[in-house]
Amino acid sequence: MKKSEVPQDSSSLESANIREMYYAVDENGEYTTELSTGWDPKKIALDNAIQDIKERTEAAKQKVLKNETSPIEYYMELNKMDVGILASYVGIWTWRVKRHFKPSVFKKLSAKTYQKYADIFDITVEQLKHIEN
């Protein structure tokens, strides 16, 4: 694409002053780089992904408030992680993280384990144990 054709559609990244680099052809037919604020198809995909994350986070929060899961699942979603990523950060097996989602198991975790999760989520142990409505 020509340098003048690099998309400059507004996107949610624009508000964070983030720009992407694209390769384009300049007036002399040479390859060069050009910064872009975004383009509509990518904006739509990004907005959909962000909306999906918000919905999963809210669903996890409601499950915690109904005592159907532990706060670990909520904070995992809030921090845009999945079980595998969280397990690798905490340094325990994936199946154990999933087990910690059970409220009865969560309540019996050691202080050291609570602290590991709190450190990963960058919150206090007290915040980990109690989610605000």
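Let us begin with Lys63 and Glu73, whose side chains form a salt bridge with an N to O distance of 3.5 Å. This pair connects distant parts of the chain, since Lys63 belongs to helix 1 and Glu73 to helix 2, 10 residues apart. Please keep in mind that the model is a predicted one.

Are these two partners buried or exposed? Lys63 is partly exposed, with a relative accessible area of 31%. Glu73, at 14%, is buried, because the cut-off for that class is under 20%.

I turn now to Arg56. With which residues does Arg56 form salt bridges? One partner is Asp52, and here the closest N and O atoms are 2.7 Å apart. Both residues sit in helix 1, which spans residues 40-65, and they are four residues apart, about one turn of the helix. Arg56 is partly exposed, at a relative accessible area of 35%, and Asp52 is also partly exposed, at 35%.

Another partner of Arg56 is Glu77, at 3.0 Å from N to O. Arg56 lies in helix 1 and Glu77 in helix 2, residues 71-78, so this pair ties together parts that are 21 residues apart in sequence. Glu77 counts as buried, with 11% relative accessibility.

To bring these together, the count of salt bridges is three.

Finally, a word on a strand. Met21 lies in strand 1, residues 20-25.

Notes: Residues are numbered from 1 along each chain as its sequence is written. This is a predicted model: local features need pLDDT of at least 70, side-chain atom pairs count only at pLDDT 80 or more; totals for chains, interfaces and linings use all residues. Side-chain values use heavy atoms; hydrogens and water are left out. Helices (H or I, at least four residues) and strands (E, at least two) are DSSP runs, numbered from the N terminus. A salt bridge is a side-chain nitrogen of Lys or Arg within 4 Å of a carboxyl oxygen of Asp or Glu. Buried means under 20% relative accessible area, exposed over 50%, partly exposed in between (1.4 Å probe, protein chains only).
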